[in-house]
Amino acid sequence: MPSRLFHSLAATLFFIAASALGISASAQFGPKTATPGSSTVTTPHVQAELIAHAPQGVTPGQPLWLGLQITHQPDWHTYWKNPGDSGLPTELTWQLPAGLDAGDIAWPVPHKIAIGTLANYGYEGTVLLPVPVTVPSTFAPGPLAKDITVQLKASWLVCRKECIPEEGQFTLQLPIRSTTALNGAAFDAALKAQPQALPSATASDARQARVDGDSLQVRVQGLPAALHGKTLDLYPETPEVLHNAAPGTQQWDGAVWTARIPLAEQRSGSPTLLPVVLAERVQGATHRPGYRAELQVLGTWPAAATKAAVSPALEAALQANAAIASGNGGSGGPLAPSGASSLTLTAALLGALLGGLILNLMPCVFPVLAIKVVGFTRHAQDRRAHRVSGLAYTAGVVLSFLALGAVMLGLRAAGEAVGWGFQLQSPAVVAALAGLFTLIGLNLAGVFEFGNMLPSSVASLQARHPVADSFLTGVLAVAVASPCTAPFMGASMGLTATLPAAQALAVFTALGLGLALPYLAASLWPAVARALPRPGAWMDTFRRFMAFPMFATVVWLVWVLGQQSGIDGAAALLILLVGLGLLAWSLALQGRARRWLGSVATVAMALLLWAFGPHVTRMADVAEAPASSTATTATTTQSWQPWTPGAAEQLVASGRPVFVDFTAAWCVTCQYNKKTTLANAEVLADLQTKNVALLRADWTRRDPRITTALAQLGRNGVPVYVFYRPGKPPVVLTEVLSVDEVRSTIAQL
């Protein structure tokens with residue numbers, strides 16, 4: 001009977017589904033390679049990139065420099081080692097191969113940033129913080145090693161009038177024997193911007209500071225002749241000693257520079273040696289030569305104030321920023337996506353439950369559920385068997401979702417940039433699912449029956465183990481449903497990245513319960529089974545009709561693979577699917593025909609896999625324009641342009657609103673929105689009227705940059721739709737777009 005055959009199908013094809021998931025996991029857990037963008041973190045306020053300079057490779061005794069290059073949005077700044085009246089210095093924590101040793105940051109000369117009555121020391125525009133790395137003579141990476149992996153965790157405070165604490169995880173791979181000199185000019189400029197140590201002085205009073213009441217009298221001799229007679233800026237490396245905003249007085253006495261600088265009102269230290277940096281005061285200059293001197297402090301310091309854990313100025317700035325963020329005011333503040341940052345765990349669980357319910361409507365899932373439920377009509381009175389079957393199916397669904405969730409969380413904990421839907425970013429998984437759905441479709445259409453092609457002991461598994469059959473059917477449902485990111489799931493899945501593991505897995509449990517709920521309800525309430533039509537010929541017709549959604553899903557998967565492996569990969573997959581269909585049909589024959597045709601089909605399938613398999617799994621090359629090129633192009637045309645890190649921020653900084661579509665070919669909801677709302681003539685006209693730049697972030701392939709951008713938006717999968725507006729917080733739309741919602745948001749730009 002149809003339902004029994006389908007159950008046997010589920011039990012047999014479970015192994016194919018499990019293999020598909022195994023391929024995905026192994027692909028993700030494989031050796032880490034340098035992926036474009038893994039060394040870059042972009043926020044609404046800065047773009048930070050880990051770069052390196054190793055002109056002779058990673059070789060003992062040869063120079064090796066690492067550095068964090070920070071490009072600030074206009075009017076935003078980060079801080080020097082002494083931030084001044086408010087702020088925090090940038091901190092770098094390195095994870096290097098055994099033997100390598102990272103030194104301290106070679107801080108470039110800062111400049112004074114006045115904010116009201118305060119004065120800070122920091123950087124605007126683009127700054128590189130270089131760090132020297134020592135490669136010892138004992139460094140031995142191994143005879144087969146070609147690269148080393150450098151990891152960095154950085155944290156910085158970026159401020160305008162409000163202050164935003166930010167951080168990033170960076171990964172960079174360096175060739176051991178090849179040169180890495182692409183960023184040589186940037187490191188040369190950064191090292192020139194580092195203050196030079198003044199030559200040793202012979203006179204005992206050449207460089208000293210004397211405490212005089214509430215001021216410090218500074219005397220420095222030995223500065224270069226080019227600075228004589230010039231107005232200088234003094235930057236103390238020790239914080240909370242001098243009054244940073246007070247102008248003080250200064251003069252030249254021949255070759256000796258002297259100054260009187262007030263002490264800090266909240267002075268917390270009384271050093272005997274005060275290192276300072278001196279540089280010529282030049283308005284608007286970003287790079288100036290500086291000179292470092294260590295001043296011997298003479299005299300008696302006044303009583304110092306108790307040092308606060310956080311400076312009063314910084315605390316006031318952070319409190320002001322919190323007030324701005326809580327009121328959704330200000331500009332450039334931390335991103336607060338709609339429904340993500342304020343989402344409670346309860347709301348996330350409800351969202352996941354609803355998302356799981358909607359998954360049942362996907363064309364690849366509905367036939368599984370429909371035929372399973374229709375099977376109730378054969379034994380409508382066997383209530384106990386129905387209940388056990390429903391509970392086993394639910395257990396298979398929930399445990400499978402928990403396993404997928406655990407794999408994703410484990411990958412993220414290991415440093416991999418993955419999100420929900422990572423399975424279909426692997427061409428091997430896409431091809432395996434296409435083969436699975438082809439077999440299901442052919443079986444439903446009556447081309448072959450598993451009972452005729454399998455040994456009797458395997459074909460009778462369903463009859464002997466109905467509970468196991470229902471459990472494996474639940475696993476199969478998850479294998480075909482999990483890549484389909486349904487509406488209402490975005491915020492819930494995004495929250496799992498920030499929750500403890502137990503709470504995150506609770507969200508995956510709710511998702512599984514939502515998917516299993518229709519069948520579970522039908523198994524627990526006999527009225528559902530009694531409401532179904534009586535058994536008859538219609539069941540065979542219905543079963544054959546259900547083959548067409550499966551074939552439609554195969555078409556979709558071939559198209560998805562074409563986005564990853566190109567037209568040759570899609571054609572190769574079609575050839576393999578034809579061979580798979582021939583093999584399944586030939587093995588279902590009887591007698592001598594099965595023996596001969598089955599042998600020929602098996603050999604043919606092996607040859608096809610050998611010849612065309614590599615074309616399926618090989619990623620096609622993608623030409624991608626750099627971020628600056630993307631931004632320039634998007635300003636001159638209304639068509640969709642590829643998203644790159646920092647492109648949206650560049651356009652917004654120029655005063656233009658930006659709409660970003662985070663999408664993927666394997667995302668059904670994405671394609672629906674793209675063909676309906678995003679293609680609506682009124683929506684396109686409104687976007688044109690407001691001069692909105694259109695960027696599309698395609699996540700069909702694995703792209704850690706897009707994964708990072710989604711995480712910053714509080715999301716873990718696609719679709720995600722974001723409007724960026726000059727001077728206003730970004731707006732994240734719902735997953736299922738409507739014309740009214742998009743037009744209403746455009747009207748507020």
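**Figure 1. Ring pairs join Trp 640, Phe 659, Tyr 721 and Phe 723 into one cluster.** Two rings of Phe, Tyr or Trp (taking its six-membered ring) pair if their centres lie within 6.5 Å, with planes under 30 degrees apart counted as stacked, over 60 as edge-to-face and the rest as tilted. Trp 640 also has a charge to look at: the charged end of Arg 696 sits over its ring, 4.0 Å from the centre. "Over a ring" here means that NZ of Lys or CZ of Arg is within 6 Å of the ring centre and within 35 degrees of the ring normal. Keep in mind that this is a predicted model, where local features need pLDDT of at least 70 and side-chain atom pairs count only at pLDDT 80 or more, while totals for chains, interfaces and linings use all residues. Residues are numbered from 1 along each chain as its sequence is written, and side-chain values use heavy atoms, with hydrogens and water left out.

**Figure 2. Tyr 121 meets Tyr 235 edge-to-face.** The structure holds eight aromatic pairs. In this one, the ring centres of Tyr 121 and Tyr 235 are 5.2 Å apart and the planes stand at 90 degrees, so the pair counts as edge-to-face. It ties together distant parts of the chain: Tyr 121 belongs to strand S8 (residues 118-123) and Tyr 235 to strand S15 (residues 232-236), 114 residues apart. Helices (H or I, at least four residues) and strands (E, at least two) are DSSP runs, numbered from the N terminus. Tyr 121 is buried at 2% relative accessible area, and Tyr 235 is buried at 0%. Buried means under 20% relative accessible area, exposed means over 50%, and partly exposed is in between (1.4 Å probe, protein chains only).

**Figure 3. Helix H7 crosses helix H16.** Two packed helices are described by the angle between their axes and the distance between the axes. For H7 (residues 427-444) and H16 (residues 547-587), the axes come within 4 Å and cross at roughly 25 degrees. Axes are lines fitted to C-alpha atoms, for helices over the stretch in contact, and angles run from 0 to 180 degrees between N-to-C directions. H7 and H16 are therefore roughly parallel to each other; the cut-offs are under 35 degrees for roughly parallel, over 145 for roughly antiparallel, 65 to 115 for roughly perpendicular, and oblique for the rest. Their crossing is right-handed, meaning that the near helix is turned clockwise from the far one by less than a right angle, with anticlockwise being left-handed. Sort the residues of the H7 contact with H16 by class and you get 21 nonpolar, seven polar and no charged. Nonpolar covers Ala, Val, Leu, Ile, Met, Phe, Trp, Tyr, Cys and Pro, charged covers Asp, Glu, Lys and Arg, and the others, Gly among them, are polar.

**Figure 4. H16 also packs with helix H17.** The axes of H16 and H17 (residues 591-617) come within 8 Å and cross at roughly 170 degrees. That makes H16 roughly antiparallel to H17. The contact of H16 with H17 has 17 nonpolar, nine polar and two charged residues. Look within H16 for Gly 562, which is partly exposed at 22% relative accessible area. Gly 562 and Val 616 are 54 residues apart in sequence and 8.9 Å apart in space, C-alpha to C-alpha.

**Figure 5. Glu 240 and Asn 691 have positive phi values.** Glu 240 has phi near 60 degrees, a positive value in a residue other than glycine. You'll find Glu 240 in the loop between S15 and strand S16 (249-253), partly exposed at 23% relative accessible area. For Asn 691, phi is near 55 degrees. Asn 691 is in the loop between helix H21 (681-689) and strand S22 (693-698), and at 40% relative accessibility it counts as partly exposed.

Figure 6. Val 683 lies in helix H21 and is buried, at 1% relative accessible area. Pro 55 is in the loop between strand S2 (46-53) and strand S3 (65-72), partly exposed at 27% relative accessibility. Ile 148, in strand S10 (residues 147-159), is buried at 5% relative accessible area.
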